[in-house]
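Visitor: Can we walk through this one together? I'd like to go from helix packing out to the chain contacts.

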Amino acid sequence: MNPALQGLITILVGVGGCVGYFYFSNQILDKVIFPAKGPKAGDNINRANQVRPWLFLFPAIFALGLYLGYPVFETLRLSLTDRTQGGAFVGLANYNQMMAEPKFWEAIRNNMLWLIVVPAASTGFGLLVAQLTDRISWGNIAKSLIFMPMAISFVGASVIFKLIYDARPADTPQIGILNAIWMQFDGGFGSLFVLQLLPTIVLLGFAGIVGYTTFLLVNPIIDREGRRAVPFIPLRLIGALLGVWLVWMSLSSLVGVWTAQPPYGEPQQWLTLPFWNNFFLMVVLIWIQTGFAMVILSAALRGIPEETIEAAIIDGANPFQIFFKIKIPQIMGTIVVVWTTITITVLKVFDIVFAMTNGQWETQVLANYMYDKLFRANDWGVGSASAMVIMLLVTPILVWNVYNARKEMR
Amino acid sequence: MADLKLTKIVKSYGDVEVLHGIDLEIESGEFVVFVGPSGCGKSTLLRTIAGLERITAGTMEIDGRVVNNIPPSERGIAMVFQTYALYPHMTVYDNMAFGMRLAKKSKQEIEDRVRNAADILQLGPYLDRLPKALSGGQRQRVAIGRAICRDPKVFLFDEPLSNLDAALRVATRIEIAKLNETMPDTTMIYVTHDQVEAMTLADRIVVLRGGYVEQVGAPMDLYHKPANLFVAQFIGSPAMNILDGSVASASSGKVAVDVESGGKATVPIAGTGAKAGDAVKLGVRPEDLRIAGKGETPIVNGMIDIVEALGEVTLLYVQVEGHEEAVLAKLPGYHQVERGTAISLTADAEQLHLFDSDGHSMARKAEAKEAA
Amino acid sequence: MADLKLTKIVKSYGDVEVLHGIDLEIESGEFVVFVGPSGCGKSTLLRTIAGLERITAGTMEIDGRVVNNIPPSERGIAMVFQTYALYPHMTVYDNMAFGMRLAKKSKQEIEDRVRNAADILQLGPYLDRLPKALSGGQRQRVAIGRAICRDPKVFLFDEPLSNLDAALRVATRIEIAKLNETMPDTTMIYVTHDQVEAMTLADRIVVLRGGYVEQVGAPMDLYHKPANLFVAQFIGSPAMNILDGSVASASSGKVAVDVESGGKATVPIAGTGAKAGDAVKLGVRPEDLRIAGKGETPIVNGMIDIVEALGEVTLLYVQVEGHEEAVLAKLPGYHQVERGTAISLTADAEQLHLFDSDGHSMARKAEAKEAA
Amino acid sequence: QDLVFPVGEGDFSWESYNEWAESAPDLSGQTVTIAGPWLQPEDEVFRSAIAYFAAATGAEAIYTGSDSFEQQIVIDAEAGSAPNVAVFPQPGLAADMASRGLLSPLPEGMGEWVAENYGAGESWVDLGTYPDQDGNDQLFGFFYNVNVKSLVWYVPENFEDAGYEVPESMEELKALTEQIAADGETPWCIGLGSGAATGWPATDWVEDIMLRTQPPEVYDGWTTNEIPFNDERVVAAIEEFGWFARNDDFVSGGAGQVASTDFRDSPKGLFASPPQCYMHRQASFVPAFFPEGIEFGEDVDFFYFPAFAEKDLGNPVLGGGTLMSITDPSEATNHLMEFFKLPIAHEIMMAQTGFLTPHKGVNADTYMNDALKGQGEILVNATTFRFDGSDLMPGGVGAGSFWTGMVDYTGGKDAQAVADEIQASWEALK
Amino acid sequence: MSDTVGTKSALSWAVHLSVAALVLLWLFPTVGLLISSFRTADQISASGWWASLSTSEQVIQVRTGGRDAARQEDGVFVVEGNILTDAEDAPGAVELVSYGVSSRAVSAYEIGETAEFGDGETLTLNADGTYLYTSVEEPGRRGQRVFVTALLPPDFTTQNYQTVLFSGTGQDNMAKAFFNTLTVVIPATIIPILIAAFAAYALAWMEFPGRALLIAAVVGLLVVPLQLALIPLLQLHNAVGIGKGYLGVWLAHTGFGLPLAIYLLRNYMVGLPRDIIENARVDGATDFQIFVRIILPLSFPALASFAIFQFLWTWNDLLVALVFLIDATGETTVMTRQIVELLGTRGGNWEILATAAFVSISVPLAVFFAMQRYLVRGLLAGSVK
Ligand SMILES: Nc1ncnc2c1ncn2[C@@H]1O[C@H](COP(=O)(O)OP(=O)(O)OP(=O)(O)O)[C@@H](O)[C@H]1O
Ligand SMILES: Nc1ncnc2c1ncn2[C@@H]1O[C@H](COP(=O)(O)OP(=O)(O)OP(=O)(O)O)[C@@H](O)[C@H]1O
Ligand SMILES: [Mg+2]
Ligand SMILES: [Mg+2]
């Protein structure tokens, strides 16, 4: 049979089966079990309506329970047993073993970096693009182009970036763009400008923005002594601490920028530069996820009532003040949702690290660590234990989301 | 303390010209209301004054200074939006303080001004609330308060009451009237759909239609001396009844009209232009109609279609032959009348309005004299 | 062709009881209007009748059948929502036909009924449009048409006009009144905020307050004989002026009242209960006040605070000593009065209302007789 | 499917095939599924080889390749949907799966046959024998497609231009290395990059050097961890590798570039103009990554990675290879295994790709070219043949810490420290 | 606001410029890949892709004619020919800069100059590529190696695409893989959306005990790493007889995609106007009818947006397909796998990598561009209130 035809039939059967379930189960409920006829019509309809949510939910609950719920418990079980001993219960031995491995701690440290940088950068860029393209004529084209990486698989993206990071010996033409640019620097004024002045400006700007944001976060707490119940004090404090840390980080890197002796004229193995290589890997994910953030945030920006912006204009706010003081607070909810989604992606994505460095040169992350344990070392105990750690890391986000969902229900 | 002068203001969106050269002068401290049917350009005109829209041509002057290119925040205006446009993430206090903070006013001054505005509008207890915890009327007051805090020279309102329910609308309207009195130097420009608001608040009303100014004048002038059919029908609620007719005879100072549906009327008109046989339109307000006494020539004969008794007045919808729309009469007091009974209505000659076939009002005798 | 009987209807949301045992009988073909301040439970009551909310206690009967557990679609009702609730993705025709299609009516019947409803509401030209291509008034007509198509025994309206602008509101109100006449057998229940709607449409008005029924009666009864202070102030617009006072002397059939601000009034009251010195409240409607003639005892003496000239009437806000709110007088015609001038107002004794300190109305003489 | 080489034509060993084909039962309707790591173009070649099995028996033999074969076979076998035959790229995983009861022993008599018919036969049997679930040693793996790792590739004309000679001993090789560096040129191209498997080429270096600095017994002890990984002899071998790889003058791009240069890219330096390096140590399969149009023996050639002349350890050969195991036994599968004993099953491969076999019965003339024939001879004549050590170590070491350790080492980490870490990870696995 | 007085044009320029910069930055990697996919392996490893757009100076190796082309004149062997055109893989017409005959001195001679080297060998190379080679000894089979420094014009090839799409059995397999992939992806997109939509509706608009708990559970399951689930689930599939196949892979994708689908769709549906749903109820619609006739059409933007996301994920997925679909018989294969297989042994070849990556993103890109207008207005309202 023609594969196209075969595919079509299979598709029809699959989708039809699904539609059929919903249709016929409802029909049976309404027509056979609790027919809306006869003397008990009213009661029957009521009863049918009590059953119906479960009809609607059944496939979802079934699939979720089976494909996601069950593995969670299975993982928990595996993480407490040892297969080489025939599945004997070993308590926390796997966890102990994992904790003893420096690679694990390296992965934890890197993961923390990823968890801060990638969601922040993706959301930040997404927001920036969403805002900037909002009112320009070719905004939709720009958005489409920036969304494009979403269509590229992680592995494909890794290929693309490997080409970018490629290094060739010094006297041969570089085929990696990054090194080609790097080789242009010679320690002269150009390099001074691009490698020291520019980063200094960027870093100072970044520190400034973060510092200002931190100030905004803390301001309501210290200002106007408790005149108002400030919402989310703990969240604000955490945010503020994070902000202070980021400011400190950027200021200390400033020192690095001016004291470091860049190895001019030598092609760099970007993926092997310790610490920095993490960032080169993160760039890939940021490149992909920005499109996602942008799409959702741009919709949220459009949802802001125009009048509030006009009111701010009349109040004398400049474009930056409008953006930071009027727009951002109003779409905070969306920002957090986007942030959450990307955070979860970060925790789960291992393909990029796997394909580009496989965790070597100190780039290990938890997801790849887990994959390593599961499929290379065939150590299901430790692999499952690390999976549990991944899930644990998500708990704060989970709690927050559950809290939100409950609030919304009320 | 600002007079506005608009000269040949044109505003186009792309190819669509929305305002076709508006000339308008507004004096310092005046309360001017823009009215007009939906889409006539009221909001657009207001927004060009605010600077939220750039004008395509013409000159806009505030206090003698051309402001065509001055950004909104520097025009000394404040604006209250139909949807309140409160910043949802800020408390009432912050909403009001926002503009002043941006202007780097001192803490003390901000505090003072906010308190002052809150006092005027009785918002004191709500300063720490977020807008979503306020009722509609309170929100609108916050929006007004925010504008007051700016201490503007020109106060702009774009249908500020249309989202409120009837009772609140009345209450807030009165507050705005009071505000106008407490700030006698502030020019206020107010856009509304609502008859009553326009009539009660305005020093002068500007009637707009399709991007043109139809008439400018004090409320009672518009009510009594509409410049044309449009204004006549637009001002006053329920709207003026318009009856087709023709001139039976035109003596100097008096025009006798045969109403198409059979009635007759004589209108005192400064004797210009009208001659027997001309098609004219006769306007008479529902509240001017009364049941024709014996011996009086009725203007309208018809059959009662609907009776609405509102307590102090009774509305009669009278079906008149050859006239599609019912003629509405508003009679004071309570009238027990049956649907379907025949009725004859008349009105005092002084209350009648006559329009030529182009819809222009024919000046009444008294007015013509005045004008002379 | 359906009478409703509500017995001790209680509705709670969680711990909050919103309706506290409503008893109400509505006869077949009646037009009943629910009024009351925001949040009093009007919508909730209407929705329990529709079956959209399950009642917590009590019995609801339609046509003698207990419908407590009958789903909305089986109750023979149709409902028009404040927000129209049109299906945005269906044409006008489909919107109206949707319910009938679900009920598996024949194509022909659907066609007939939709055409019929479209004729009644003059929607013929719009049947193929999507709701977004209609104006507000047209949308509301579609919503009504959709309800008509269901050929309901009970027609429910929840503030159907509140999203329309003034002119449209009047026009649509009239259409609903006509509808009521074309469907004389259909019971209609109508929720509104709007005085005028309530007065013009209702056969009977149900005044709700905080989940209790305050008074049920014909519009003119409520206007003339409010059962208590709340109804008195609620019905009629502008609201009745309430003046504090005390009984000076109470002879049989007449109570003399000293108004706190200095005036005096004599109210004809069936001589029950009132005795000299009792604190009472005197109610007088703005439209009943007139400028006290020479020799007349004024009820109110005060100073004119605001004047609103509306053309056919003039509103005077009179500041009265010891009385926080201004007393409002609505005088027919145009009055040229200055702010700040002193004024004395009075009213006919028959137009005065007297309430005891609990706010209950003291029955007037005539009424007491009637009741007897 | 058409057979690539018509039966009866060419140098192939047709008689044994025909003989077997005649006696083979009719297996029409049966299917044998084979999963392995070969992808394009090897998969096509392999399919062309098993086509002869299909032609003879009527059974359908289906091969599917996958780049993540190692993970997939584990998942499939665990879940119970394994193919009939799995082609393992290294013994470690096979041994692991055997101990979990996921493999079936090869048919009776296979062991004896290998011992008799393969060069260094016993060692091939040993490499394919693992304890099963119950701890009993059984033959699970049959080696098919072997490669020789002790090869150094070079461009003869470049040597000619510079006047260099092919070195005969390790001492000469080191001297040549120094001389090339002294001439201002770069002697070696070394690349350890291999995506997720980055680091493995270095393990081959270390293993090769181990065989050249220590007796085979030490090597064997090392691969089983009887001799710990951080033994000084192992550390010395690592440092010997460091002599080549950690000297900026000796490797193209400098030492820093070694770890991240893709092993598939690194031989290209030989062919650059001017050349980026003169020598490249890599296994027999590397020609697949040479630029197009390179001719064996002319544009490129290889020499044996020599032994130290002063150490009397003979000419040891390091090799690797794929082995076939039965993951889901069936009648047809057993017959397929029989088929792989035939010379023709090897010759078809030899004639089309860089396939080497220790099968003594094959006609060496069917090798695709002389170079391969030479490698085949190295293989058959090896005095000491040792299998790739990292492939023998447990997966967590041989495909884990050893790889990453070598990357760390080329990155500048101390050899002893690296060895200690690897040893620690090995102990953790026990 | 677009037209607010006083918006500075400098600012709007800055906006345009920064958007342009960002777009370029985002586009850059992909452009590099696209260009690389039109170059040969040797070109890619010889120079950066950006250089391929202009003429570049490169050293290339060519050979003179060998033994067979030589004729003997006066005791010396003479070979004449044109190095630029003679050989099969000759570079064609290029501009020559210099040449050399030893790998140690690749540009020792000017064009036109006569080189003398070895034991009495001479070579003269002219600008048009013609050469004269003489040698006292008989030349080798393959002739003298010559290094030429040449200016190579931009040169692109579609060969890579032919290799990826049409080489050998590749053509059949690609077509088959394409339809197989569609067979996997379309139901794996529609089924979870359908199931999620029903569940989302129930969670948003139906009253039943345990609703909040279920919502919480859905959020919690967003984070389960899927690698863990593979073996137990495949075991299960085998146990219940689904084995490996389309049904299995659909179910797996459904299970893995559901939490996000339910999360996003529920948030969207909660935002739909309550009155419409109640009105439908008064009109006599059952929940099923409300869902099908009212909710589904109204949720179309959200459904479309999620469909795009799910489509991209399933299209780009390899792991789930490998585990749940592709069995040892090789009957079923998907695009991603086909591409990975192509990369196979030649994994180091950028040109195949690049081409394969482009082939694999072409369909998702087409889908995206076809549906992007829904994306831009879709999800939005939904994911956030
Ligand atoms: N951005 C725009 N682009 C094109 N036309 C516009 C734009 N904004 C307004 N218009 C058109 O300008 C005209 C005037 O609009 P405007 O909002 O001023 O009317 P309005 O009198 O305020 O009406 P309403 O009473 O309904 O608010 C309308 O016909 C409208 O369609
Ligand atoms: N779902 C709910 N949960 C809890 N309380 C509710 C709910 N719905 C309504 N209420 C409360 O019930 C009371 C009556 O509400 P209802 O909507 O009937 O008022 P209403 O008279 O229709 O007011 P309005 O005129 O503003 O529409 C209000 O106090 C409201 O807060
Ligand atoms: Mg407007
Ligand atoms: Mg309500």
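Visitor: What is the handedness of the crossing where H8(E) passes H9(E)?

Guide: The crossing of H8(E) past H9(E) is right-handed. This is a predicted model, so read the geometry as that of a prediction.

Visitor: At what angle do the axes of those two helices of chain E cross?

Guide: Roughly 130 degrees, and the axes come within 10 Å. H8 covers residues 274–282 of chain E and H9 covers residues 287–298.

Visitor: Why are H8(E) and H9(E) called oblique?

Guide: Roughly parallel needs an angle under 35 degrees, roughly antiparallel one over 145, and roughly perpendicular one of 65 to 115, so the rest count as oblique. The axes cross at roughly 130 degrees, and H8(E) and H9(E) are therefore oblique to each other.

Visitor: Which residues make the contact of H8(E) with H9(E)?

Guide: From H8(E), E:Ile276, E:Ile277, E:Ala280 and E:Arg281; from H9(E), E:Asp287, E:Ile290, E:Ile294 and E:Ile295. By class, six of these residues are nonpolar, two are charged and none is polar.

Visitor: Where does the side chain of E:Asp287 find a salt bridge?

Guide: With A:Arg52, at 3.8 Å from N to O. The rule finds one salt bridge across the interface of chain E and chain A.

Visitor: How much area do chain E and chain A bury?

Guide: About 9200 Å² between them, with 82% of it on carbon and sulfur atoms. Chain E puts 100 residues into the contact and chain A puts in 105. Eight pairs of chains touch, and chains A and E have the most contacts among them.

Visitor: And what about chain B against chain A, how much area is buried there?

Guide: About 2000 Å², of which 59% comes from carbon and sulfur atoms. That contact takes 28 residues from chain B and 19 residues from chain A.

Visitor: How many salt bridges between chain B and chain A?

Guide: Two. B:Arg150 forms a salt bridge with A:Asp315, where the closest N and O atoms are 3.4 Å apart.

Visitor: What does C:Arg150 form a salt bridge with?

Guide: With E:Asp283, the closest N and O atoms being 3.6 Å apart. The pair crosses between chains: C:Arg150 is in the loop between helix H4 (136–149) and strand S7 (154–158) of chain C, and E:Asp283 is in the loop between H8 and H9 of chain E.

Visitor: How many salt bridges over all chains?

Guide: The count comes to 58.

Visitor: Changing topic to chain D. How far apart are the closest C-alpha atoms of chain B and chain D?

Guide: They lie 49 Å apart, and no contact joins those two chains. Chain C and chain D have no contact either, with their closest C-alpha atoms 48 Å apart.

Visitor: Within chain D, at what angle do H8 and H11 pack?

Guide: About 30 degrees, with the axes 11 Å apart; H8 is residues 170–182 and H11 is residues 232–245. H8(D) and H11(D) are therefore roughly parallel to each other.

Visitor: Which residues meet there, between H8(D) and H11(D)?

Guide: D:Met170, D:Leu173, D:Lys174, D:Thr177 and D:Glu178 of H8(D) meet D:Glu240, D:Trp243 and D:Phe244 of H11(D). The contact has four nonpolar residues, one polar and three charged.

Terms used. Residues are numbered from 1 along each chain as its sequence is written. Chains are lettered from A and ligands numbered from 1 in the order in which they are written. This is a predicted model: local features need pLDDT of at least 70, side-chain atom pairs count only at pLDDT 80 or more; totals for chains, interfaces and linings use all residues. Side-chain values use heavy atoms; hydrogens and water are left out. Axes are lines fitted to C-alpha atoms, for helices over the stretch in contact, and angles run from 0 to 180 degrees between N-to-C directions. Helices (H or I, at least four residues) and strands (E, at least two) are DSSP runs, numbered from the N terminus. A crossing is left-handed if the near helix is turned anticlockwise from the far one by less than a right angle, and right-handed if clockwise. Contact means heavy atoms within 4.5 Å. Ala, Val, Leu, Ile, Met, Phe, Trp, Tyr, Cys and Pro count as nonpolar, Asp, Glu, Lys and Arg as charged, and the others, Gly among them, as polar. Buried area is the accessible area (1.4 Å probe) that two parts lose on being put together, summed over both. A salt bridge is a side-chain nitrogen of Lys or Arg within 4 Å of a carboxyl oxygen of Asp or Glu.
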